[in-house]
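The following note sets out comments on the structure shown below. Each point may be read against the coordinates.

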Amino acid sequence: MPDSTLVGLHHEEEHHPELLHHFATEEQQRDASSLGMWVFLATEVMFFGGLFCAYLIYRRLYFGDFGAASKSIDATLGATNTAVLICSSLTVVLAVWAAQTARRTLLLTMLAVTMLLGCVFLGIKAVEYKDKFEEHHVPGASFSFNNVPIPGHPGEYANPRHAQIFFSLYFVMTGLHALHMIIGLGIFSWLLYAAWKGRFTPEYHTPIEIGGLYWHFVDIIWIYLFPLLYLIDRHP
Amino acid sequence: MEIAIPQPVERENYLNKEYGVWSWLLTTDHKRIALLYLVSITFFFFIGGFFALLIRLELLTPAGDLVQADTYNKLFTMHGMVMVFFFLIPSIPAVLGNFLVPMMIGAKDLAFPRINLLSWYLYIIGGVFMLHCMLTGGVDTGWTFYAPFSTNFSNTKIVEAGIGIFIAGFSSILTGLNFVVTIHRMRAPGMTWSRLPLFIWAHYATSIIQLLGTPVIAVTIVLVACERALHLGIFDPKLGGDPVLFQHLFWFYSHPAVYIMILPSMGVVTEIIACFSRKRIFGYSFVAFSSIAIAVFGFLVWAHHMFVAGISVYSALVFSFLSYAVALPSAIKVFNWTATLYKGSIRYDAPMLYAFGFLGLFTIGGLTGLFLAALGINVHVTDTYFVVAHFHYIMVGGAVMGYLGGMHFWWPKISGKLYPEGWARLAALIVFIGFNLTFFPQFVLGYLGMPRRYYDYSHMPEFQVLNVLSTAGATVLGVGYLLPMVYFLWSMRYGKPASDNPWNAAGLEWKTTSPPPTFNFDEEPVVTWEAYNYEELDAPPHTQEVPVAR
């Protein structure tokens, strides 16, 4: 058994300044961080999964009402937002590449553009929420959805209560998604700051990679939300 | 056998490296965080136990004479919420798992030490919400907070309790995330998957459930809160919603949550049985994969809580069948433990007494679970004391026995001190007797038809005898739980110093000092042996000189 005075000698050898004490190698640290984010994203799938499950059950129960309610949301704004998010995924990939290849200006630009696109998304979302508020489509005491025809069934009108369930799910799902976007913006402001300080190098850019993973995941959730909420009954 | 020799100068270890409040509150050492958890869950355990005591006192007489009906509703609700979310779910993983997972695989710490500390703070914040909720009136819906009672009618602090559970849930997710990444990425050289202690396999399976189940209850709580605030109608039949959907979402987490409680306990018992029968675990890979199988099957049986809630007969049949299926991996474990005992050199130290207690009580709890999985019997005993007795046999008889066994087994490693063995054996005996006296009468009560959650049974006074037995048992059980706390605290000051490996046990955690240094090992261990190599450990000394490499 070594004497206690000898403890501490282990840390004398040179290692990367970002390598935390409990990892043996940089590779182990990178693999652990990346796996951690993937596992976290699996929990996020289950988090949204409960809502998707509820959506599918009520969509099947109240098929026509959901169609009518879906038709009242502005699909053009939704499609624009989809395009905005897909572009932001591209800029995230470019940011990771810039970090890998030590292009500092490109890295900073791409992180900033990603954040800008995120803000555009949230802005458009806010406009949509405002429209819904003015149309009294926010669930609660002032909700109204009277005399809205069910698409494809002339003479039939949507049941406002069932439409209210659609809008409840719409607000909970897009609201939680927007919350994830806001958290993503927080993560990216930190990345931008750290990149500005020159913390990332081709050897060490794990935060950009796993922050990017998170951003892609939030985009993918939207890719599922968009057709389910906006496009289910678009035939003329 | 080694003899503990008090060392003249105390070696630096994780306990004496730093002193002061901040060295604990800002620590990222998994062993210190485990002790933070130990203190906090013990606190909640005694709060939950206090509620249980009041419940048992009320049921001492048939008339409702101690508390009023509303108070009684709040008592059993808060008892359930505190015990499930703030004691049982974090118990073994957050205390023993936190302490042992890195050491058993030869790592210096968990993969994300700061996230580990964050998870404790989240637990505490959740706990503060729960305490505030308790002090300002509590919740009366039962721990299951079924809609639409919880969403539309009850005017108690449901949202506040929900926020507490939501936040504590994220603490549980982060613990699971840390374990999965640590077990995948931080194993010492030579520590292959097939050499992992079965405690690690059990925690791996537990983590999967924590990761995939907890988010679902989190989102369910979000929906309940929105429903209460805005009357959305998602769970309100009057507005076209479906209250049974709430039950599906709730049990999708809350049934697997039972396996979050019992799987780590199974892991503990596996370690103890191997050590105190001095044998390799019989059927290592079967025990390992039965943990994974329990985690997987556990996700497919939730609707057996809803057989009388109006689900279709066909889905009830399927869920009944799948609930039988989950008995298979559980039975594999019990048979393999028994086979390990066969022809072992068994020692009856306190941890082993708890392990024996676990074996018996878990088997009774598991078998009565099969009664409940059978559709016909289920309809007969739904919402009776039979169900209460069944899940207490699993969650208290199983999970808590394993937890106490593990606390005794690893206490020398955690504290560096030996607990008083005689008192510990006595406590194990008292817990076993008290537990059976409390809950066995409840099987009979339930089968005879006494419903759960009644505070007044004066229209069926013939049930009083069994209720008196049960209350008497609860008192004995309470003494049994207080005793270990007293002598553990006592041993921290007055206990004999423990040697590095007082049980002569296999496993990397015993190859470092007691208590371990901050980074667990002075040199990174290299593993060249299989798990539970007790035959090699117990071989005569002259053959032990040569390290056996395989």
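1. B:Arg493 is found in helix α16 of chain B, a helix covering residues 464-494. The model is a predicted one. B:Arg493 is classed as exposed because it has 7 C-beta neighbours inside 10 Å, and the cut-off for that class is 12 or fewer. In space, the C-alpha atoms of B:Arg493 and B:Ser415 are 9.9 Å apart, although 78 residues separate the two in sequence.

2. As to secondary structure, chain B comprises 18 helices and 0 strands. Where contacts in chain B link residues at least 6 apart in sequence, 85% of them join residues at least 24 apart.

3. The overall dimensions of chain B deserve a remark. Its C-alpha trace extends over about 75 × 45 × 45 Å along the principal axes. Of the 550 residues of chain B, 57% are counted as buried.

4. The contact between the chains draws 30 residues from chain A and 35 residues from chain B. On the side of chain B that touches chain A, at least two residues are supplied by each of α6 (158-185), α7 (198-230) and α8 (243-276). The largest share of that side, 11 residues, is provided by α7(B).

5. By residue class, the side of chain B that touches chain A consists of 24 nonpolar, 5 polar and 6 charged residues.

How values were computed:
Residues are numbered from 1 along each chain as its sequence is written. Chains are lettered from A and ligands numbered from 1 in the order in which they are written. This is a predicted model: local features need pLDDT of at least 70, side-chain atom pairs count only at pLDDT 80 or more; totals for chains, interfaces and linings use all residues. Two residues are in contact if their C-beta atoms, placed from the backbone, lie within 7 Å. Helices (H or I, at least four residues) and strands (E, at least two) are DSSP runs, numbered from the N terminus. Ala, Val, Leu, Ile, Met, Phe, Trp, Tyr, Cys and Pro count as nonpolar, Asp, Glu, Lys and Arg as charged, and the others, Gly among them, as polar. A residue is buried if 20 or more other C-beta atoms lie within 10 Å of its own, exposed if 12 or fewer, and partly exposed in between; C-beta atoms are placed from the backbone.
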